[in-house]
Amino acid sequence: MRELSELTEVEDPAWPVLGEELRAASVPVEVLDPDGERGAAALLRTQVTVRSFLGAFLLHSGGAFVDDGWLRVYGSPADDNDRRLPSLARVNDYPADAAAEPEWRPGAGLVVAHDVLGGVFVLQGGPAEEVGLPGRPGEMVYFAPDSLRWDALGAGYGAWLSWMLAGGTEEFYEGLRWPGWREEVRRLDGDRGLTLYPPLWSEEAHRDLAATSRRVVTMAEVLGFERETAVGLDEPDPGFLGNV
C-alpha cells in the first residue's frame, strides 16, 4: 500500500488541467468545496495518484453537479452529512477505520457517479469473469436504467469525465430527456432522483417520454427498485449500485 506522499508528491499533477476543464465546461457545473483531510484519506484508501483525474478530483473537489445536476460526480465534500452530495468514500462504503481493515477493496469496481435517473458509473475493478462486469480493469462501465444492464464505455475515468464536461451528456442521454427536464432536475439534492411511470425500461416510456409521470424519491429507492426489477425480469443481478 503506497503512502500518501507517494500519491500526492508527483510530477505533472492533473488538477491544473482538470480544474480548467471544470471552469470551462460546456454545460453548467457546480463544484463543491472539498475537505482536505477527508480527501487525503480517500486518496490513500483508493490508492490512485493525483496525476490521474480521479486522484485529483478526490483530493481537490467535494464533488460536482454536472449539467444542472443531471450527473453527480463524487469527490470529498467538506460536510459528508450534507444531503447535497455524499462523498465517494460513503457511496462505496469505505471502512470508517482504514487501519483496522487495511486489505479492504471495493468489490466489482468503484462507483464514481450517478445520474438523476439512477444510472450508475463504475470504474471496473478486475477481470470481467471475476467481477461480473463487462469491460477491462480501469474502464468505465454504466448501469443503464432504460435497459437494466451494464455497458462498457470504452474509456477510462479521465476521458469519460472530460467528455461529460465538454457536453457529452447531450449525446449520451439522447432520447432520455424530456421538455422541461432541466427545471425538474436542478433543484434536487444529490441524494434524490426521479422515478418515471411508465418505467424507463418500458416500451410505453420510450414512445413518449414527455408523457411519463415523474416523482422525486431518494436515490436509494431508485437504485433498490432497479435492482429488484432487474432480478424480477430475469436479468442478471446488477450487484452493488452504490450507497446514496
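Reply: Asp234 is the residue, with a positive phi of about 65° just after α10. First, the ground rules. This is a predicted model, in which local features need pLDDT of at least 70, side-chain atom pairs count only at pLDDT 80 or more, and totals for chains, interfaces and linings use all residues. Residues are numbered from 1 along each chain as its sequence is written, and side-chain values use heavy atoms, without hydrogens or water.

α10 covers 219-232. Helices here are DSSP runs (H or I, at least four residues), strands likewise (E, at least two), and both are numbered from the N terminus. The expected span is 1.5 Å times one less than the number of residues. For the 14 residues of α10 that gives 20 Å, and its end C-alpha atoms are 20 Å apart, which agrees.

Next, its two sides. Met219, Val222, Leu223, Glu226, Thr229 and Ala230 are the buried residues of α10. Buried means under 20% relative accessible area, exposed over 50%, and partly exposed in between (1.4 Å probe, protein chains only). Down the axis of α10, the buried residues fall within an arc of 130°, so they line one face. That arc is taken from the directions between the helix axis and the C-beta atoms. Glu228 and Gly232 are exposed, on the face turned away from the buried side.

What does the buried side pack against? Its partners are β3 (71-73), β4 (109-115), β5 (120-124), β6 (140-144), β8 and β9 (213-218). Contact here means heavy atoms within 4.5 Å.

On a 1 Å grid over the protein atoms alone, a cavity is a set of points where a 1.4 Å probe fits but cannot get out; a pocket is an open set with protein on both sides within 12 Å along at least five of seven lines; lining residues have an atom within 4 Å of a point. Points are joined across faces, edges and corners, and a volume is the space filled by probe spheres set on them. By this rule there is one cavity of 30 Å³ or more. The largest cavity has a volume of about 150 Å³. It is lined by 13 residues, with Leu117, Leu196, Leu200, Phe225 and Glu226 nearest its centre. β8 and α10 are the elements that give two or more residues to that lining. α10 gives the most, with four residues. By class, ten of the lining residues are nonpolar, two polar and one charged. Ala, Val, Leu, Ile, Met, Phe, Trp, Tyr, Cys and Pro count as nonpolar, Asp, Glu, Lys and Arg as charged, and the others, Gly among them, as polar.

Follow β8 (192-197) onward. Pro198 lies in the loop between β8 and α9 (203-207). The peptide bond from Tyr197 to Pro198 is cis, with omega near -5°.

Back to positive phi. Asp12 has one of about 55°, although it is not a glycine. Asp12 sits in the loop between α1 (4-8) and α2 (15-23), and at 59% relative accessibility it counts as exposed. Gln47, also not a glycine, has a positive phi near 60°. Gln47 sits in the loop between α3 (36-46) and α4 (53-60). At 14% relative accessibility, Gln47 counts as buried.
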